[in-house]
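These are my notebook entries on one structure, set down in the order in which I looked things up. The sequence and the coordinates come first.

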Amino acid sequence: MFLYHVRIALKSLRRSLGLSAVIVGGIALGIGVASLFSTIRHSLAKDPIPHKSGVLHYVRLDSWDPARPHPNSDGIPPQLAYRDAMELMKSDIPARQSAMFRANLYVFPDPKVARPKRTLVRLCFADFFPLFDVPFKYGSGWDRKADEGPEPVIVLGEETNDLLFGGSNSVGKAVRIEDREFRVVGVLDTWRPSVKFYDITTNAVQPPELVFMPFNFVRPMQIRTSGNSDGWKGATGPGFEGLLASDQTWIQMWAELPDAATRQRYVDFLKAYVMEQKKAGRFPRPLRVEVTPLMAWMKAQKVTPPEVTAMMVVSLLFLAVCALNLMGLLLAKFLARAPEIGVRRALGASRKDVFVQHVVECELVGLVGGGLGVLLALAGVAAVNGWAKTLINRPDLVQFDATMVFAAAGLSLAAGLVAGLYPAWRVCRIPPAMHLKLQ
């Protein structure tokens, strides 16, 4: 019976191609706009590491000015001071943990390949790679022993390996960074999370760094951050050592806490650490530590800007307006077939049969329009990604994945139903005798 309704719907659409094209085009425009803005929001708001996001926690301590809270939305600094991060790294409670920051350092390729170039480098601990399930094409990350040295080892991003070594396996080869030689121990596979979720203190949609090196090269190479930093009082001493001993905050800290009991032990450890520092005259504000799950941290930092959500809502309202405006066209189209419907009713078709047949036609219109709308949305996604590539080297910022395909199909069916429900109900209520004549 369903296939019969589909055949009747197809004949009806072919019978009035011009009007059908207008109706399908209206649905396509609404679906295209709604799908585009929904996809943009989905790309920013989706869980970047769903199988682990519940155990990944971002760590903060309130070390700010006693006279006023930090200007961050919840009044606590978003990063840690170097001295605090180093003390927290001594804890054995987390399954994995890493302090980290980004720097801008000179990488010296073979002169035959390219000129020296300032490159974004992430300084982190060995746990960084398993902590965030970073994929490898060649080799692996370094081990914890290399952190302690620190040993001159690095992991290259795929793009950097392509530039320096033509994409070949470079494990064991040397790369000069600043004034030191480093040995490559691993090369990342393609890794382009839509949000750089491990560091959202700066531009959250930037691509991952191109090189990763052991954190403890901070002191011997006197590496300064190229990310955000702030502080409420000056350094405690001169030069780089003064910065490291200061309360300037510029380090991100993540801990993997597999269950609630482990999390509570870690919170207790943090509170005990702050209380000890208070005895030394630090942390003048009331005791406050924050251990925030990944998704809650992304929400607190507004990784998905309110403007993006607002645009998605407006686009869905636009789709609703398109569907409501098409209601009149469908009503006129259906009423024009009233004599035919009267004959069908007289031959035994029930109101239910007529209603279902017209709803099927509306849903078919919705799906065809939805398919065209998806093509429009893909064109919009390509335009947005072209803009992102130009500005921040992110040609894959917005991704139209399977979730959005199903969402577009659902919106198409909903739009078809909204546009056609009343016309289908209205036409099935027409008495068949009105269109029957005796010869």
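Which residues do ring pairs link into a cluster? I found that ring pairs link Tyr 58, Phe 128, Phe 129, Phe 132, Phe 136, Trp 142, Trp 191, Phe 197, Tyr 198, Phe 212, Trp 254 and Trp 297, where rings of Phe, Tyr and Trp (its six-membered ring) pair if their centres lie within 6.5 Å, with planes under 30 degrees apart counted as stacked, over 60 as edge-to-face and the rest as tilted.

**Ground rules**

I note that this is a predicted model, in which local features need pLDDT of at least 70 and side-chain atom pairs count only at pLDDT 80 or more, while totals for chains, interfaces and linings use all residues. Residues are numbered from 1 along each chain as its sequence is written, and side-chain values use heavy atoms, with hydrogens and water left out.

**Overall counts**

I read off 14 helices and eleven strands for the protein, helices (H or I, at least four residues) and strands (E, at least two) being DSSP runs numbered from the N terminus. Of its 439 residues, 49% count as buried, which I take as under 20% relative accessible area, with exposed as over 50% and partly exposed in between (1.4 Å probe, protein chains only). I also looked up contacts, meaning heavy atoms within 4.5 Å: among those between residues at least 6 apart in sequence, 74% join residues at least 24 apart.

**Aromatic pairs**

My search of the whole structure gave 23 aromatic pairs. In one of them, Phe 128 and Phe 132, the ring centres are 5.2 Å apart and the planes stand at 65 degrees, so the pair is edge-to-face. Phe 128 is buried, with a relative accessible area of 0%, and Phe 132 is buried too, with a value of 2%.

I then turned to Phe 182 and Phe 217, an edge-to-face pair with 5.1 Å from centre to centre and 65 degrees between the planes. Phe 182 belongs to strand S8 (residues 180-188) and Phe 217 to the loop between S9 and helix H7 (218-221), so this pair ties together parts that are 35 residues apart in sequence. Phe 182 counts as buried at 2% relative accessibility, as does Phe 217 at 2%.

**Strands around S8**

Which strands did I find paired with S8, if pairing requires that DSSP finds at least two bridges between two strands? Strand S5 (residues 136-139) pairs with S8 in the antiparallel sense over three bridges, and Phe 136 of the ring cluster stands opposite Leu 188 there. Strand S6 (residues 153-156) runs parallel to S8 and is joined to it by four bridges, with Gly 186 as the bridge partner of Val 155. Strand S7 (residues 174-177) is antiparallel to S8, again over four bridges, and in this pairing Arg 176 stands opposite Glu 181. The hairpin of S7 and S8 has two residues between the strands, and within it Glu 178 takes a positive phi near 55 degrees.

I returned to Arg 176 for its charged end, which sits over the ring of Phe 108, 3.9 Å from the ring centre; the rule asks for NZ of Lys or CZ of Arg within 6 Å of the ring centre and within 35 degrees of the ring normal.

**Strand S4 and its partners**

Seven bridges join S3 (residues 96-108) to S4 (residues 117-124) in an antiparallel arrangement, in which Arg 102 stands opposite Arg 122. S4 is also joined by four bridges to S9 (residues 211-214), the two running parallel, and Cys 124 has Pro 214 as its bridge partner in S9. Cys 124 is buried at 0% relative accessible area. I counted zero disulfides, a disulfide being a pair of cysteine sulfur atoms within 2.5 Å.

Thr 119 lies in S4 and counts as buried at 8% relative accessibility. Beyond residues up to four places away in sequence, Thr 119 touches Ala 103, Asn 104, Leu 105, Val 107, Leu 210 and Val 211.

Methods:
Pairing = 2+ DSSP bridges.
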